[in-house]
Structures are given as structure tokens and as C-alpha cells.
Amino acid sequence: ALPSMSQPIPVQITVGNAQDLKTLKSNLLHTLVRVEYNGAVLGDSPKTNVLTDGTAEYDFSTSFEYCPDGPNSLDVLVQKPLLLTLLEVTSKDKKKTDKIAPLAQAVVDLLPLLQGTVLSFTASMTTPCSLAGLEVTVSAKELLLSATQFSSGNLLSITLEAAYSVPEAFTADAQQNYMACLQMPAAGEKELPLLFKNGILKADGEKEPFPRPKNWPLGPILAPDALNIPDSFIVGGPYEDEDGELNKSEDKEFRSQAESARRVVWDMETRCFLDADAVAVLQTRIAECRHWPVELCRMSSGGKGKGSKSDKKDEDKQIAFHGVAYVNMMHLLCPGVKQIRGAFRVFNYEDSEVFEKVRAAGSAPLDLCSWEICGCMLSISLCQHWLQTARHREQCFSPQQYSEAGTFLVMEIKLDRPLVPKRLREELVQRVKELIPPRPALAPRTEGAKKVVENYHKRVTSVAVAILEEYHELFGKQLLDQGVMDHETMEEQKRQLNYELNTSGKYFAFKEQLKYSVVKIVREKYLKTTAFETKEQLQAFLSELYVYLVDHMHMALNKVGEAGVTRAMASLWVQGRGRTFAFKAEEGSLMISVVQRIARDQHSIQAWLDYGAFCLLYEDATKAQECFQQAVCLDPQHTQSLLLCGIVCVKLQTYEEAEIFFEDACCLEPSSIIAWTLAGLFYELQNNYIQAERSFREAKKLLRLLKATEWNPRMVWYGRDLEVHLISNPCSGQRHFPLDQGYLPLDQHSKDGKKKFPLCFLFVEVREVSVSSPALSCWAVHGVPALLTTLCAVPPQFVHKALAHELLSLQGGPTCAYYLALGWTYQLREDLPRWEECLLEAVRIDPLNPNVWAQKGHLCYLKKDFDKAKDCYERVISFEEDAADMHFVYLRLGSIYLDEKEYGRAKHIYLLACDNSASCLTWLGVGIACYRLGEMLEAEDALSEANALNNTNAEVWGYLALICLQGGRELEAEQCYKYTVKVRVRGLRAAPTAHPAPWPAGSAAVPRDGPCPAGVAAEPPNSQSRAARP
């Protein structure tokens, strides 16, 4: 609290020169100035002549005493202005007293005096068409508040604008005083009643204009225009941006009608300065009791004079229409918030209801007589005097007219500084840097001799494991338990094993595996990089190298025991859990591709984000966090990376870090709808509903900006009346735009637009809606989100919250799109029964939606009901509009046709897939179908296209080998076959757990149905077999 001063501080007012007084009255001769403050006249200046140029020199000084505990306290100083009245002095006869008549008034706001000792400016006379001004200087001998007191305190301003939709019983009577009041903690640990009196009842007519000036909390004065507070206006704003009630789209029409109907207008601002203790008390009380009562009433008086608190006329006053509005003050505890403005419904006053609404949770029962709630007096007692005079309580209440009329107050509460400061951008950047410590630069990669030898040991071990597995397949494991084997049996088994390895081509495959490591040994260990000059040197080197390799081969094999081999085999062929079918179908080595992108360019932010999203898909949140943090390190101002870091922190349950990332993203890009929406969902997960509401409101505000700008497909944020959503499997016929660099097509029928989209993009769906649409919402979910918004990438809580908001915003119940999105969440959790229930509801609502039948086909496919899946996919193709995931529909339908040996249909479907979105798998399907149909030339062309798109697909090479054999090109066939083995072994070795192995362990690259030349299968594999289907 402010210290109590024993000695008052004089505040001196000096009135200097006046200018342009002739604009007030052309024949003005003599004037004087009267100075008033807080209802008291401080003094009159001497009578002064007005010169011909309209100037007058008063040189008059007066003063009043400021004292924190006196009548002119700090609360009065910030609430009430200094009033200067210009009086005209005329005298017709020297014997008679001079006649004084008021000409104009001016007000001086003393609030700036809190920040200094001298206040000097020219006050304008508030008279229309007048330029008159008065030089005024206000000074204090010492600071009224020290710098510490001023910086630790806060200025609270409350503006009561009007009460709208008032009861019909309200009348414009001079004896009726419309009042409102509330109570705030004030300086010096006091309670300050803030009273708004003299509300003006206005009849039906035009709305109140914006902007319009705010008024001082004074009674009637000579110049009504002097009530206007200088440079202080009511500016209004959209209903949706308000913090109170009645700010929904369905309330817009009611608000518009009420603002032009009968209303009581105050437009009055009252202020109070809160010291440090009062600020702390305010924060505590808001936290304990978020709803603060604002009382409203009509006070009638039989007398015409000004009533005072001790006047006997108060006995004749009657209070009627006693109502109360509840202002949610919790918004002021949000970081950076220093103003709340909105409409608040007025309810008929009931003691029990008020006490229950505003008392702190867990507090003791309240004493009605003391009116004490949450430790403070409830407003000022409008009914206090009436209670003391023992009138019947029923007289204070009228019928439920406020509720029936729908009365609401519009008011604003504003602080000079927020109660909870918002973290600055610099602070957030620093916090992010602390969360992501800089990593040392990677040392240059060196292939030392030791590392090369270790790699050779690993290759030898891998080959030994594969040979042992071949031995087990040929002779079984039981022979190992029969004791020592005779020499002849061992030699026979060795001969059979060598024959099998050579005829199957596996011997050459094992040599290929060892070739690279041997070459590295020659280069790194022996440092031989040039050709030998003579054959003798070559033979000597080969002998030395052979001895070295054999020695280290024995060293590697000695480390491999039976248990070790078994464990290695078990871990080598472990299959991963269920995958998202999109990844199974599109890329067999997606992880390898993403890692290769990073290896090529470690400064590619998008490559790190894609890798992180891939890790999230397989629920490796820790590695995903490292990837996203690396992206932030590369560019701390990349909003998408910050959002993804926040999402993965939520998944890891480090909520404080997540809040920093979301807040930094919103601060960095305040125009990002996605950032505000995700932040709102995060705060809602933390049960911080006030902060969530403010975040959602910011997102909606950005949506309204779209209305003012012409539609531009390249600028998602600015356009006509649009609705933006988090999306998933989008409904057909809708256009989509990415946040950053777009890959998703604008037109689902656009061949050029069909490009793959990155894994980690959040997309927004943009669609036109009517201006009056009540469903304007930034969290509506339509279909299935792009790959980032999978259940693995975005925590399930986010998805469920977004779906909940969508359900609440829908008019008329859930839609087909809602059930598609909900079913998608069950699909990712492999909850097929619930997914089926959602699809049944979607089919019932919209049986002509191709996306519904595509999802139903996927469901049947995963349930191994291929006949029903085929029916659904064929129905999808029959629609005029394509489904959103036609690529996967074509792939799966083509694979079903291949299994059923309908090769002509399969070829047609795969050609449609190539036209829709060409990929390695689509051309591979065409090639297989053509090969089965005997169209070798077309098959080779199709497989060549597939090979151009992805030259690491073993099946493509295998079929090319078969086609070369059919044409008698044995050399090309052998080369293709070697590539088949090479790329398949490399893929399994590089990512053994990324995807399930399409063939059993130890088998050839292509399975055989009978013997064939050079070990190549005569019967080609079915690349679309159900084990390897997308």
C-alpha cells in the first residue's frame, strides 16, 4: 500500500494567458476564470480586460492539498478533472454589482501529474465553433508517487457504455436516476466503490456512433461538452472479438436490433490507481472468484435537489429494477491481456444466486447483512440505505423483466499494464535456445582402417548367418544333435550346399555383399588406389590380402556362436507392427529415402521435418523430437518447426516446453490460423479454457479478414468469405492449399497437380461459406488430415478435441465428413469394428460420396474380405467425381484383379492409376499384367518406366530378368537378376524393421515353381501378393 503521508502535498494551479476569446463572443470585454476541483471552488482570478486580438492575461494561481487520506486522495485525483470556467463580467452601472455569466468551460486531466511534478498545456474551451484556449500549469512541490510506486502499480479504467434491450417500464423522467456500480480494490488497501450515475434513457432510433468520446464521472455541468475526456474514445468492434457474452454468430441479429432500440447510455469512464498490494489483491480475487457482479438499478426520488448520503431525502428514494450482471474477469489473468470488453447479460437480483455465483470455492457461508463476498464488500450497496430503513425487501424487486427483455450491459475494463506480462519474442527465442542446446558440428567422416575391418567382420557374420540358414533348410537342425558327423556325410552335405548356392545364384549374391568391404580394406588398410605395374606385384599383393582376409574371417566366425546366430536371425526378420497403408503402398523404402535426403543436404529443413514425421508415425517420439529440434536450429523463425516441436512435446508430456513452442509460433507469425488453433487446442487440453478461448478468437479474427480481400488461390490467409479447417481425407470436389509450399492439388481432376505432398505439412481446407453462416469455425475437421495430422503425428487428444469442436459447431447433427474423420482415428488405432460403425453412419448420411465407399473398401481389404473390397472399389471408380485417395484405390483394386488372374482388368486399372498419379508401383502393376498377358514389349516398356521412378525395387528387376530370358537375352537377364538380389538384400540390411519382408528368410530374390536356367525363376512372382500389398 502507499505510505501514509503526515504532511499534505500542495498542488498549485496557475492560469496564464487566454487566446481567441473573441471567437466565443465578438464584443467580449471583461472576463475572469473560476477554478474548481472535487466540487469545491478553489478561487476566481481578477477581472481581466480582453484585448482586441482576443487575448487576456490572467496570471492567477490557486492550489489544493493532495493527501492520500484526505478528501483529495489519489483515487479522487485519477477520477476527477480540474474544472475551469470562463466567466464574462459586465457592469451597466458603477453603483451596481458586476453581472457574471458563464461563457465556456475547460477540463484538465490530472492523471499525468502522477508521473511528474509539472503539468503544462493549453486547455480548449468546449464551445462549438470556438478556438479559444487557456494556458494552464499544474505543479506539485514533490512527486505524488515515487518511480517505484508508479512502476509497481497499475491504472484501472472501467467504461460503462450502455444497457441495451431495457424493460418497457423504463421511463425518461427527471426523477429517475439509472445507476450501476461495482467495487474494486484501491490504493492503500481500501475498497473503492465505482459508481456510474445519471444514465440517459434513449428511445428507439439510430445506433450509438463509433467512435464516440468517453465522459467524466461528473454530475451535470454548465458546458456538457466539457464532460468529454480528452483523447479517450469508445471505438467498438466486431461482436466476435468481445470477451463477454452474446458474441456468437447467432447473437448478431439480436445485438443489432437491441442497439437501435430503447437503451440507457452512460458512456462514462471511471478510474482508480492500484498500488502493488492492490494489484496483488486483484489478482488473488480474480483467481478465487472469476465472476464479478455489476449491479444495475433505477433509483426514484420525490425531491428535486441533489441528494447526499446524509440527506433526509434519501428516505424517500426507492430502488427498483435491481439487476446484476456477472463479468468474467479471468481474461485479465491471461498473459499480455490488459483489456476486456463485451456484453454481459443482466439478471434479476437474487441474494442466493449472487452469493453462489461470486463466492470463492470452498469459502465459508456468507453473511447477507455484511454483503461480503470473496473477502470484499459486494459493489457499493445500492440497497444499503434501504436495508437500514427496514423497508420490505420485496419493494426492491420487480418481476423478471430483465430476463424477459434480454437486457445486457456493454462495458470495458482496461489496465495500463497487464497483470501477467506476456513473454517477449526475445525471451521466447532464448527459452527455445535453452530447450535446444546447440550441437557441435559433425566431425568429417573418416573411413579408418579399424572401421573398415569391423565392417568386414559384420559382413562375414551376415553371410555366415545366411549360409547357416540355408544349411538348416536343406538338412534340418536335428542332425546337429546326433553327435560327431562322419567325414563322408559332411563332404556330401558340403557338396550339396555348394551346388544349391551356385544354382540358385546365392553364391554370387554373397560375393556381392563382401565385395564392397574388401574394396574398402584394399583402399584404407593397404592404401592401394592405383594399378599394379607388373603381374608379380599383383600376385604378391593378392596372396598377402588373401591371408589377411582369411585370418579375419576366422576371427569373425569365432565370435559367432549358435545362440548368437539364433538371436541374429530372430532380430533380422522381425516384422514391424501394422503400418498405415499409404506408406506400404507408395514407398517400400521410405525411411531410406528420407535418410538419404538428409545425407545429401543436412541443412534441408523439410528433410528433417519429413524424417521426424516418419518417426512419429512409428511412435518414436524421442527421435522425432530430435529431428524437429534440428529443424528449429537451422531456422529459429520457421513456424512449422516450432509447431511440430510443441506437438511432440505434448506427446512426450512435457507441457511447459510445449507451451513455449506454441507461444513462440504465435508470436512469430500472428497471422497463422493453424498456430492459433493448435495453441487453443493445447490450452484446452490443459483445462486453461480462458486462454483457449482467446486463441480460438484470434483464429476466428483472422478468418474474418478473409472477407475483405478478393479471392486469391496463392494467398490462403486472405480471400472472400471462407472457412478454414484442419483437414483429413478431404471430401471430393473441394480445393486444398498447404500452409507453406503447396503440393496438394487445387483441383482433384488436375493431372498436373497430382504431386506427392510432404509428410509433415498441416493443411487447411478453404471453402466458401455465406456471410451469415453460423458454422464459421476454425476447428472444423473434414475428412482425414494430411500425413502430419495422423494419430501418431498429432496426439489423439488434439484430434478428439478438434472433432468435439466440429460436432458442437454443426447444425443439424453430425455430417458424413465428421464420421469419416472419426473413422479415420479408429483406423489408425486398428479398431476396425468402430471404424466400420462410423462408415455405416457415413453411408447412411451420404451414400453417393465416393470417399465413403473408398474407406469402406479399405476396411474390407484390411479384413481380408477381398470380394467386398473389390465391389466397393469398383463403385468408387464408377462415380463421376474421384475419391481423395484414388491412387490407393487403383493400387488395391489392381492387386485384387492380379490375384484373381483377371489380367486385362488389372492392366486397365493400373493404367488409370498411372494417369492419375504415376509411381513405381503403378507401372510395375502394368508390367506384371502385360507379362501375364504375353505382351512382352509393353511389359518391358512399363517396367522401364517403373525402374526410372525407383531403381531400388527388386521386383522390377526380377521381372525385367524374366522378360530378358523370354527374349533370349541371357546376359541382360543375368545382370537384371544380380541387381534384383543386390537391391533386395541392401534394402533388408538397411531397414530390417521398417517394413515386413515380402519373402521368407533365406529364400531367393524371386520364388521358384520349378527349375530354370541360371537359377532364374521361370514363374514370376506376383508383386501384388497379399503379403506385400499396399
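## Overall picture

Of the 1030 residues in the protein chain, 49% count as buried, in what is a predicted model. The secondary structure of the chain comes to 32 helices and 25 strands. Among the contacts in the chain with a separation of 6 or more, 69% are accounted for by residues 24 or more positions apart.

## Nonpolar cores

The largest nonpolar core holds 72 residues, and the members that touch the most other members are Tyr873, Val876, Leu898, Leu924, Leu943, Val956 and Tyr959.

## Strand E17 and its partners

Strand E17, which spans residues 318-328, is mostly covered, with 10 of its 11 residues buried. Strand E16 (residues 291-300) runs antiparallel to E17 and is joined to it by 9 bridges, while strand E18 (residues 339-348) also pairs with E17 in the antiparallel sense, over 3 bridges.

Val324 can be followed into both pairings, being the bridge partner in E17 of Glu295 and having Phe347 as its own bridge partner in E18.

## Salt bridges

The count of salt bridges in the model comes to 37. Glu161, Arg212, Glu242, Arg255, Glu259, Asp267 and Arg341 are linked in a network of such bridges.

Some pairs lie within a single helix. Arg697 and Glu693 form a salt bridge in which the closest N and O atoms are 3.0 Å apart, and both residues lie in helix H21 (residues 689-705), 4 residues apart, or about one turn of the helix. Arg697 is buried, with a relative accessible area of 8%, whereas Glu693 is partly exposed at 29%. In helix H32, Lys978 and Glu974 are likewise separated by about one helical turn, because they are 4 residues apart, and their side chains meet in a salt bridge with an N to O distance of 3.6 Å. Lys978 is partly exposed, with a relative accessible area of 37%, and Glu974 is partly exposed at 40%.

Arg969 forms a salt bridge with Glu940, with the closest N and O atoms 3.2 Å apart. This pair links distant parts of the chain, since Arg969 sits in the loop between helix H31 (954-966) and helix H32 (970-990), and Glu940 in helix H30 (residues 936-949), 29 residues apart. Arg969 counts as partly exposed at 28% relative accessibility, as does Glu940 at 23%.

Lys450 is found in helix H9 (residues 449-475) and counts as exposed because its relative accessibility is 64%, the cut-off being over 50%. Lys450 and Ile521 are 71 residues apart in sequence, and their C-alpha atoms are 9.5 Å apart in space.

Notes. Residues numbered from 1 in each chain as written. Predicted model: local features only at pLDDT ≥ 70, side-chain atom pairs only at ≥ 80, totals over all residues. Heavy atoms only, no water. Buried < 20%, exposed > 50% of the residue type's maximum accessible area, 1.4 Å probe, protein only. Helix = DSSP H or I, 4+ residues; strand = E, 2+ residues; numbered from the N terminus. Pairing = 2+ DSSP bridges. Core = buried A, V, L, I, M, F, W, Y, C linked by side-chain atoms within 4.5 Å. Contact = heavy atoms within 4.5 Å. Salt bridge = Lys/Arg side-chain N within 4 Å of Asp/Glu carboxyl O.
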